[in-house]
Amino acid sequence: MKIVCIGAGYVGGPTMAMIAYKCPEIQVVVVDINQARIDAWNQLDGCELPIYEPGLEEVVQAARGRNLFFSSDTHKHVAEGDIIFVSVNTPTKTRGVGAGKAADLTYWEGAARMIASVSTTSKIVVEKSTVPVKTAEAIEKVLRRNCADPNVQFEILSNPEFLAEGTAIEDLTVPDRVLIGGKETESGQRALAVLKSVYQHWVPDERILCTNLWSAELSKLTANAMLAQRISSVNTISALCEATGADVQQVAHSIGTDSRIGPKFLNASVGFGGSCFQKDILNLVYICEGVGLKQVADYWQSVVSINDYQKQRFVERIIEAMFNTISGKKIAVLGFAFKKDTGDTRETPAIDVCKGLTQDGAKLVIYDPKVTEAQIHQDLATPKFEWDHPQSSGTKSPRSSAITVVEDAYEACEGAHGITILTEWDEFKKLDFEKIYASMMKPAFVFDGRNILDHAKLREIGYIVYALGKPLDPFLKRG
Ligand code: UDX
Ligand code: UDX
Ligand code: ADP
């Protein structure tokens, strides 16, 4: 059996590496039109892979060259494949009908047309990247109408990926579940069984869920929407805690002990980020509007609106605390990635917070252990929703002189009026805050957007501390 995956990104790369690792007798080839990305995946020892993911390097090294290959020869490999995973980017549309909400399926359609044009044998085509419900139907039409050989059959499956970044290898090794959706026809069920047999190499049967195509597609959008909804819900409560003197961590712990609610994913934060949550919810909203379910659309839209509100609220707290003027003040930004243990900045809350602070005239000095200077400048110069459209990356604005990126947290804080924590990196907890205090302007502020620091200790040192959803320092109280 030969498996080919189109798209060597955050999903395609690690997922295929795991399949190859667990199924030595299956040949797995990951193809991408981006030659630089393929070259990076093929780097030999000591060089960094294109994405940072704990444990990924070991898995890649064990399988690469054995039964795992990365190539830019998309046509050759797709022609030879039995199962073709499609894991290309599905950005939010930036123009035209549905701009700012609908999924842009340009890359998906391009991949489907390519599959059809090179296929001389029947194939199972697997949707791996998140797509709107009923995409399989459209893709099937593209495949059927563009393949010259009438004997070639395409069976479409939906096999959404639930891995989270930073824990991708763990999530792939011991998944909560693997979901496979297929048509309820005989050939659909046969295809489903073939894909199931791949996962059965390491995933117990009871964790492989089989549904119809539409349920699988909708389950992915719903899972992300429900997870994001939990964060927005707890974030609304964080605002209420600040107004009443309750502590959001105590509230989250208390409600999390109810087994119906559960303890996970209840950390109040400066906002959720990542390539999926916002995009998938907006997509869900667009689909609901399309079928006339306005109230349902409004309900899910509010999850995104609250996320924007939380980021804005954080910026306003900073400005207000600093005597309503941050113009010309130096603010250290610790953390830029959308969460710890990843170098990924897609939709990171840091982008909106940094833009909000610079709009008010602040000078930012940014440090993140895994995000490059070039990436930060690019993110802060890219308009909303444009990041996932590679073709528009040539139209970048110039670097802002208000942004400096450094390679050390102490350097970032030196001479600063305030420190903001935007990503929960473990190394920030271990910083010597006495030493930092001595190097800062006074009063020295800390704005902890992830609640990872020891706030009592910081107050003892002399900092004025704002912690999300916690009782406010008297200094920060309004009026
Ligand atoms: C998410 C889903 O978890 C995963 O199943 C799906 O396949 C892809 O989207 P990911 O975006 O990698 O994964 O990260 P996740 O851990 O879900 O975090 C998303 C965002 O929510 C991050 O910005 C994180 O900081 C934030 N978050 C998470 C909180 O603010 N509070 C929490 O309690 C949990
Ligand atoms: C609820 C809380 O569960 C309980 O902790 C609190 O102390 C009082 O309020 P109760 O109102 O007795 O308890 O019933 P509950 O089982 O929570 O159901 C509430 C409503 O939600 C019912 O109408 C039930 O039919 C409905 N429900 C519950 C659903 O529609 N779907 C569900 O999955 C669960
Ligand atoms: P994800 O997070 O879903 O994995 P990424 O943006 O990280 O998304 O990866 C998607 C990859 O798909 C990119 O590397 C892009 O170059 C690749 N890609 C997009 N369209 C095609 C195509 N038609 N053929 C091959 N690769 C493609």
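In which loop is Asn-451 found? Asn-451 sits in the loop between β13 and α18 (455-461). The model described here is predicted. The protein is assigned two domains, domain 1 (2-203) and domain 2 (244-476). The points below cover the domains, the ligand surroundings, the annotated active site, the nonpolar cores and a few backbone details.

**Domains**

- The centres of domain 1 and domain 2, taken over C-alpha atoms, are 32 Å apart.
- Contact between the two involves 17 residues of domain 1 and 20 residues of domain 2.
- On the side of domain 1 that touches domain 2, eight residues are nonpolar, seven are polar and two are charged.

**Surroundings of ligand 1**

- Ligand 1 is surrounded by 19 residues, of which Ala-164, Asn-267, Ser-269, Phe-272 and Gly-274 are the closest.
- Both domains take part in this shell: domain 1 (2-203) and domain 2 (244-476) each supply at least three residues.
- Helix α9 (residues 213-244) contributes the most to the shell around ligand 1, namely three residues.
- The shell around ligand 1 consists of eleven nonpolar, five polar and three charged residues.

**Annotated active site**

- An unreviewed UniProt entry lists Cys-276 under "active site".
- Cys-276 lies in the loop between α10 (248-256) and α11 (277-290).
- Cys-276 counts as buried because 28 other C-beta atoms lie within 10 Å, and the threshold for buried is 20 or more.
- With residues up to four places away in sequence left out, Cys-276 touches Thr-130 and Asn-224.

**Nonpolar cores**

- The largest nonpolar core has 76 residues, and the members that touch the most others are Ile-281, Ala-332, Val-333, Leu-334, Leu-357, Leu-364 and Ile-366.
- Helix α12 (residues 294-321) gives the most to this core, eight residues.
- Apart from this core lies another, of 62 residues, including Met-16, Leu-68, Val-178 and Leu-179.
- Ala-332 is in contact with Val-365, Ala-412, Cys-413, Ala-416, Ile-419 and Thr-420, leaving aside neighbours within four places in sequence.

**Backbone details**

- Most residues other than glycine have a negative phi, and most peptide bonds are trans.
- Asn-451, although not a glycine, has a positive phi of about 50 degrees.
- Asn-451 is buried, with 21 other C-beta atoms within 10 Å.
- Lys-134 is not a glycine either, and has a positive phi of about 80 degrees.
- Lys-134 is in the loop between β5 (123-127) and α6 (135-146), where 13 other C-beta atoms within 10 Å make Lys-134 partly exposed.
- The peptide bond that joins Lys-442 and Pro-443 is cis, with omega about -5 degrees.
- Pro-443 is placed in the loop between α17 (433-439) and β13 (445-448).

**Arg-64**

- Arg-64 belongs to the loop between α3 (56-63) and β3 (68-71).
- Arg-64 counts as partly exposed because the C-beta neighbours inside 10 Å number 19.
- Arg-64 and Trp-41 are 23 residues apart along the chain, with 9.4 Å between their C-alpha atoms.

Notes. Residues numbered from 1 in each chain as written. Chains lettered and ligands numbered in written order. Predicted model: local features only at pLDDT ≥ 70, side-chain atom pairs only at ≥ 80, totals over all residues. Near = placed C-beta within 6 Å. Helix = DSSP H or I, 4+ residues; strand = E, 2+ residues; numbered from the N terminus. Nonpolar A, V, L, I, M, F, W, Y, C, P; charged D, E, K, R; others polar. Domains from an automatic or database assignment. UniProt positions renumbered as here; feature names shortened; annotations may be inferred. Buried ≥ 20, exposed ≤ 12 C-beta atoms within 10 Å, placed from the backbone. Contact = placed C-beta atoms within 7 Å. Core = buried A, V, L, I, M, F, W, Y, C linked by C-beta atoms within 7 Å.
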